[in-house]
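Work through the exercises below with the sequence and the model side by side. Try each task before you read its solution.

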Amino acid sequence: MTPRRTSLPLRTAAIPAAMALTTALAFLPTTATALGRDGHAAAAAAADGPSLSYVVNTRPGQDPSRIRKAIAQAGGTVVVSYDRIGVIVVHSANPDFAKTVRKVRGVTSAGNTRTAPLPAQSTDDIDTPKLLSEKQRQAVAAKAKAGQDPLEPLQWDLPAIKADKAHEKSLGSRKVTVGVIDTGVDDTHPDLAPNFDRKASVNCVTGKPDTADGAWRPSAEESPHGTHVAGEIAAAKNGIGVTGVAPGVKVSGIKVSTTAGFFYTEAVVCGFVWAAEHGVDVTNNSYYTDPWYFNCTTDPDQKALVEAVRRASSYAERRGVVNVAAAGNENYDLTSDKITDPSSPNDTTPGDREVDPSVCLDIPTQLPGVVTVASTGAKALKSSFSNYGLGIIDIAAPGGDSTAYQKPEPPATSGLIYNTLPGGQYGYMAGTSMASPHVAGVAALIKSTHPHASAGQVKALLKAEADDLACPTPYDIDGDGTVDAVCEGGKRYNGFYGAGLADALDAVEK
């Protein structure tokens, strides 16, 4: 099975309908402006197009006031300026804004972050995780062993990475925080409230930090994705519900998704910068940056988006943050010569386009320094949907799969990942979205064990401590006699699993 890509940029996979998991979010005239000799626009530009959002990237050492003046003369309004990384977020109704500003001395690139006018247009469908009834939950709780939280018997993913054994030695340090850059986190959930870091939480949707109380929470009509991810990382071991990979660390909500479910560049930049400057040790990124699944550096607009997010993620890493990202759910070989992308731009009218993934990047997943995570199922095989590629995938972790393909051992019954949902609920989801937070949780345990380790050292330990997984030969996940993907590499490092399956026990012992 090759799952259909939804237009929502989350790393949650589409699973066969029988599994009851749905991910159904859907997600100009030219007026040239002459530049003066000093690189400034000679006159204010006409605002005769739709209002769009832009990023303007500048060279180091530039005078911010001079650049802002040029932006204003080109018809732009500065929303926020991240001077420490040279990224400025701008709104403009001038159709030629980016073209004009690119000519300004000191500007390296500029591009619009979306193709739809502000606000973006979308359907109002949301992810629908599979829920259990209260009677089913009580039946599960009756099977819990001593030391387990009531719903932990459903979490086959914890023993898959030896997290259950790790918890006997350490739950992680309260001094470590994992930032969930996502759709928002419901910090009122009883499994998340004990570990929630309010000071490290924010709403970054506009590109400018909003620290109002609860701004990081998803509304009722928004995706539960971020809350599920947060629980996988740090659901408290408190006798309630489920357990996270690192149930003793803190988790923060860094909301970057619009109500309609779009993750735009300005929000992602804000999220990484916020994490860098507010004590976050690890970020989890289970999304791609809209509206382009692959951002082609040969296109001036998309090149600017890549540069802005690269600067922000690199800034975070220089400040000690380990950035972990999901690989994606299309069963793509990210090292192939070309990929057909049918989903971009997803905020207006997507259409098929052929891209070269070596120059057209999934961001932040394919950015330098980011830990790229592939998904495995309950049988420790690459999930049917997980993207792969030798030299792209760094590590693997449980993200679930169709139960028909990879059925867990009892008492677990579903091959999907069970965890927290808004409103005190719990449910199943699956995707590389769910694999990535397992690695983020293990990284948090490593940071807890080695509090003075740099981001680079934590990443090295992640890989060194991972359990080797050899390429399956052949890989025929649905058993129909046809090879579904080709794995390259050896047992210690290959295109399906990178350095192997994340190991939580080694994280607390070594």
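**Exercise 1.** Find the handedness of the link of Cys471 and Cys487, and say where its two cysteines lie.

Solution. Begin with the bond itself: a disulfide, that is, a pair of cysteine sulfur atoms within 2.5 Å, joins Cys471 to Cys487 with an S to S distance of 2.1 Å. Next take the torsion about the S-S bond, which is -55°, and the link of Cys471 and Cys487 is left-handed. Then place the two ends: Cys471 and Cys487 are both in the loop between α10 (455-465) and α11 (504-509), 16 residues apart. Helices (H or I, at least four residues) and strands (E, at least two) are DSSP runs, numbered from the N terminus. Finally, Cys471 is buried with a relative accessible area of 15%, and Cys487 also counts as buried at 15%, because buried means under 20% relative accessible area, exposed over 50% and partly exposed in between (1.4 Å probe, protein chains only).

The structure is a predicted model, in which local features need pLDDT of at least 70 and side-chain atom pairs count only at pLDDT 80 or more, while totals for chains, interfaces and linings use all residues. Residues are numbered from 1 along each chain as its sequence is written, and side-chain values use heavy atoms, with hydrogens and water left out.

**Exercise 2.** Which parts of the chain does the pair Cys204 and Cys270 tie together?

Solution. First, the sulfur atoms of Cys204 and Cys270 are 2.0 Å apart and form a disulfide, which is left-handed with -60° about the S-S bond. Cys204 lies in the loop between β6 (202-203) and α6 (225-234) and Cys270 in helix α7 (residues 265-277), so the pair ties together parts that are 66 residues apart in sequence. Both Cys204 and Cys270 are buried.

**Exercise 3.** Is the disulfide of Cys296 and Cys360 left-handed or right-handed?

Solution. The S to S distance between Cys296 and Cys360 is 2.1 Å. The torsion about their S-S bond is about 105°, so this disulfide is right-handed. It links distant parts of the chain, with Cys296 in strand β9 (residues 295-296) and Cys360 in strand β13 (residues 360-361), 64 residues apart. Cys296 and Cys360 are both buried.

**Exercise 4.** How many disulfides are there, and what pattern do they follow?

Solution. The count comes to 3 disulfides. When bonded cysteines are counted along the chain, the pattern is 1-2, 3-4, 5-6.
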